[in-house]
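Subject: Structure for you to look at

Hello,

Here is the structure I said I would pass on. My notes on what I found follow below it.

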Amino acid sequence: MFFQQLITGLSIGGVYALIATGYSLVYSLLDFSNWAHGEVAMLGAYVAFMAISALNLPFLAAVVLGIAGAALISLFNERLAYRRIRHNKSPNMFLMIAAMGLSTTYQNAATLVFGAKFKQYPNVLPISSVSIGNLRIGVLDLVSLIITAVVLVVLIIVINKTKFGLNVRAIACNSQTADLLGIKVDKCIATVFLLAGALAGCAGILLGMKYNVYPTMGNVGVKAFIASVLGGLGSVPGAIVGALLLGVIETLASGYLSSGLRDLISFTLLIVILLVRPAGLMGVDVQEKA
Amino acid sequence: MSAKQESTKVLCMDKVEKHFGGVRAIDAFSLTLHEGVVYGLIGPNGAGKTTIFNTITGIYTPSAGKIHFYEKDITSIRPFEAAQLGIGRTFQNIRLFSNMSVLDNVVMACSMDADYKMPAAIFRLPKYRKLEKQINEKAMGLLETMGLEDRANERASSLPYGHQRKLEIARAMALNPKLLLLDEPAAGMNADEEIELVEFIKGIHQRFSLTILLIEHHMDVVANLCDHVTALNFGKTIAEGTPAEVKSNQAVIDAYLGVAK
Amino acid sequence: MLNSFQQGVIILVCINVIAVLGMSVLTGFTRLFSFGNAGFMSIGAYASAMLSVRLGMPFIISMVFGAAFAGFIAYLLGSLTIRLKGDYFLITCLGFGESVRVLFNYTRGITGGAAGFAGIPGTTTATIAVVCAVLAFIIAWTFIHSKFGRNLTAIRENEMAADAVGINTFRYKRLSFVFSAVFAGWAGALFAHYMRFITPADFSLAKSCELITTTVIGGLGSLTGSVLGALLVTLLPELFRGLAEYRMFLYGVAVVVVILLKPDGLYGYREFSLKRTINWWRNLPNMIREKSAQRKQRREKRGESK
C-alpha cells in the first residue's frame, strides 16, 4: 500500500516538476514568479486536444503540436510583456503583476473559447495496471514517471554540460556582466522561455491524459510554484526535489488522512519548512549588501 | 592622547569577528571610540570596513567578540534598535527614499519623535498635531543646516549626487545621533566638492558635538578631518595613530600597493 | 428612490472599496503582496455570520468582531511569516487563503461546508455600506498620512534605510498586514450580511487575485486611486451586463495593458486632487489645439519631404 502510494506520488510529483523546473529557470534569470506558467501548460493541453478532435491528427503528432504550441505561447508572453517591462527598467514586481494578468486572461479566454466543460483525450494507453511483485501500478503513472525522468535528466544535462546551459547560469549570476561578456542575453532568455514552455506543455498533456482538460487546470501552476518555493526559488534541482516531495505528501495525505484536507496539509508543511529554512530546502539565503 | 583616554568611551569593539562561510571578513578586530573625536577607517577594497559598520549597526551579528555602546552590550542588537540608541549611518551606495521629497526623507527619519498612538493619528488629536508640527520644523531646520532648504519639495532622486550624500547625512542627523558612521562620504566627488564636504562635516561635528567614524579612500579628506586613523587589511588592524603616522606606515603602503610579504 | 438592483450595486461597490483599501495599504504602501486576503474576508464573513446567527448578536458587534478576528489571525500568521522575503512571503499568504477555504469546506458541522452557511440576517443596507466605506476611507487616509503610513512608505522605498533610521520594519510590516486583514474582514462581514448566504467558494484564490488586480489598476501608492479602481472594476461589469462573461478576461487584459503602458496605475503615487482635475479640464481645449497644431505641422513637413 505504502509503496504503491509512493509511486503514484512520485508520478504526480514528476508532472509538477516539469512545470516547477520551468518556473525556477525563469526565476533564476529574471527574479520573478511567472504566474502565467500554469496557463501555458493548460493551453498546451488544449492545443493537443484540438489537434486530435478538430484536425484528426494521430496522438503523437498532437503531442508534438501541443508541446510546440505551449513553447510558442511561453515565448509570446516574454516578447509581448516581460521583455518590455525589463527594458523599461521597471521594478521586478511589475513582471509578476503582468504574469498574473496574463494568467487571468488565458484562463478566461480558454473558458470563452472552449467552454468550461471537461474534455477527454482518447485512450491511447490501456487503463489497466501492471503488477510488480505485489504492487499494482497504473500504466499511465508508470509511463508518466518514465517520461518525466527522461526529460528532467536531459534538462539537467543541458544546464550543466552545454554552452547554452553555461550562458543561462552566467545570466542567472549577473545578467549585466553576462551581457558584457558577449552573451546574447535576450536571445538566451527567449530560449529559456521556449524550453520552459515545452516542459509545461508536456506536463499539461500528461495531466490531461491522467485527468481531463479544462480551463482552470492551469491552477496546477500554483502547485509548481509551491514546489519551487519548497526547493528554493531559482534552483532547478531544488524544484525537482520540492515537486517530488509535494507529490508524495499530497498522495500520502489523501491516502491516509483525507483528500479534503490534502491542500491544507501541504500548505501547513510549506509554512513549517519555510520557517525552518526561509529560502527553501536548496536555496541560498542571500543577504542584501549594505 | 592621554586626555582622550580619560573622556567617555562611546563605542568599544572587543575582538570582534565576522565570518562568511570560510572567509574571515573581520578578524579579532578591536576599536575604542571616545566622545567628540573624529575617527577614520581606511584600507583597500574588501578589507572589511563596511562589514565593521554593519556589525556595529546590527545588520550583521558578529561571529565572536563583544560590542558595547556607552557600556551597553549591543553585540546582537537589531538594526532599528541601533538607530534608536543613537547610532546614525550613511551607506556606501546611497540609500535614500528615492521617490519621496527631500523633506519627507528627513521627516521619515523622525519616527522616534512621533510618540503618538494610532487613535491620536486617526482622530487627529492635539498631540498628533503638535508632534507632527514639531517634526516638520525639525526636518526643515536640518535641511537648512545642510543648505538643502530650497530643494525641500524636490524628489530625492532628482538631486545631484553631492546633495544626495548631504541629504543622507541630514537624515541620519534626524535621529539625534551620538555616534555618526559615514561610509565613504566623499566617494565620487571632485576636489572642490571634497573641500566643501570636509568643512561641512567639521561644521556638524562641532555644532552637534558628535563622535564620528568614517570610512574614506581620499587621504586628504582623512588627513583634514580625522584625529585618529585605523588602517585595515584582510579584516585585521595593520596600523593606527594620527593620519600622518598611518600614512607613512610601511605596512599600510604595502597593503595599498599589494606588496607580497 | 433606488431600486433593489441599484442598492445591491452600491453595496457591492462599497464592500470592494473597503477590501481594496486594505490591499492598497499592504501592497501600494508597503509593497507586500498577499494572495490570501480573500481568506481574511472569509474569516470576517464566517465569524460575523456565526455571531449573528448562533449567538443572536446585533450586527454592529458581529461586524466589529469579524474584522477584529481576521486581524487577530493575521497577527498570528504575520508573526511567523513576515520575516520571509518576497515570493516566500507571498506563497505563504496564498497557502493560508487556500487553507482557510479548504478548512471551511471540511468543517461541515460548524460552517455548513461546501453547501454554504445560510440564514444570515440581511442587515447590510446601502446606507450602512456607504457609511462603512466612507469611514474606511477616512481611517485609511489618516493612517497613511501619519507616522504609521510614513514608516510603511519608508519600508517600501528602502527597507535597509528604514531600519537605519530606527523603524522596526518587522513590526510595521506586520501592522500593515493586520490592517489589511481587518479591512478584508470588515468587507467580509458586510458581504455576509448582504448575501445572507455564503460558501467558501465565494472567497477563492480568484477573489484574492481580483483584489490585487483592482489595486494595481487603481494605482499603487494611492488611496484615491484604489477607490477609483474599485469603482471601475465593480461598476463597469454591471453597466455592460451583456459582457458579464467577458468580465474576468477583460480584467486580465486590463492589468497587462496598465502595466505595459501606465505602470503606476490610474493614479499611482499621487492622490486625486479636485484642483488639479479642474485645471486639467480647463487646459484641455488648449492641449487639444496644441496637439492638432503639432499634428498639422508634422503632416505639412511630410508633404514637403515628398
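**Contacts between chains**

The contact between chains B and C takes 26 residues from chain B and 22 residues from chain C, where two residues are in contact if their C-beta atoms, placed from the backbone, lie within 7 Å. On the chain B side, α3 (79-85), α4 (102-108) and α5 (118-122) each supply at least two residues; helices (H or I, at least four residues) and strands (E, at least two) are DSSP runs, numbered from the N terminus. With four residues, α3(B) gives the most to that side. By class, the side of chain B that touches chain C has 17 nonpolar, five polar and four charged residues. Here Ala, Val, Leu, Ile, Met, Phe, Trp, Tyr, Cys and Pro count as nonpolar, Asp, Glu, Lys and Arg as charged, and the others, Gly among them, as polar.

Before going further: this is a predicted model, in which local features need pLDDT of at least 70 and side-chain atom pairs count only at pLDDT 80 or more, while totals for chains, interfaces and linings use all residues. Residues are numbered from 1 along each chain as its sequence is written, and chains are lettered from A and ligands numbered from 1 in the order in which they are written.

Chains A and C meet through 34 residues from chain A and 32 residues from chain C. On the chain A side, two or more residues come from each of α3 (59-87), α4 (92-114), α9 (220-231) and α11 (262-276). The largest share, twelve residues, comes from α4(A). The side of chain A that touches chain C divides into 24 nonpolar, seven polar and three charged residues.

**Helix pairs**

Across the A-C contact, the axes of α4(A) and α12(C) (residues 247-261) come within 7 Å and cross at roughly 150°. Axes are lines fitted to C-alpha atoms, for helices over the stretch in contact, and angles run from 0 to 180 degrees between N-to-C directions. The pair is therefore roughly antiparallel (angles under 35 degrees count as roughly parallel, over 145 as roughly antiparallel, 65 to 115 as roughly perpendicular and the rest as oblique). Among the residues that meet are A:Phe94, A:Ile97 and A:Ala98 in α4(A) and C:Met248, C:Phe249 and C:Tyr251 in α12(C). By class, this contact has 14 nonpolar, five polar and no charged residues.

Within chain A, the axes of α10(A) (residues 236-257) and α11(A) come within 9 Å and cross at roughly 135°, so α10(A) is oblique to α11(A). The contact includes A:Leu246 and A:Ile249 of α10(A) and A:Ile265 and A:Leu269 of α11(A). Its residues divide into six nonpolar, two polar and two charged.

The largest nonpolar core has 273 residues, of which A:Ile19, A:Ala98 and C:Ile18 touch the most other members. Such a core is a set of buried Ala, Val, Leu, Ile, Met, Phe, Trp, Tyr and Cys residues joined through C-beta atoms within 7 Å. Helix α9 (residues 169-195) of chain C gives the most to this core, with 17 residues. Leaving aside neighbours within four places in sequence, C:Ile18 is in contact with C:Cys132, C:Ala133, C:Ala136, C:Phe183, C:Trp186 and C:Ala187.

A:Tyr82 lies in helix α3 of chain A and is buried, with 23 other C-beta atoms within 10 Å (buried is 20 or more, exposed 12 or fewer, and partly exposed in between, with C-beta atoms placed from the backbone). Beyond four places in sequence, A:Tyr82 is in contact with A:Leu30, A:Asn77, A:Leu95 and A:Ala98.

Regards
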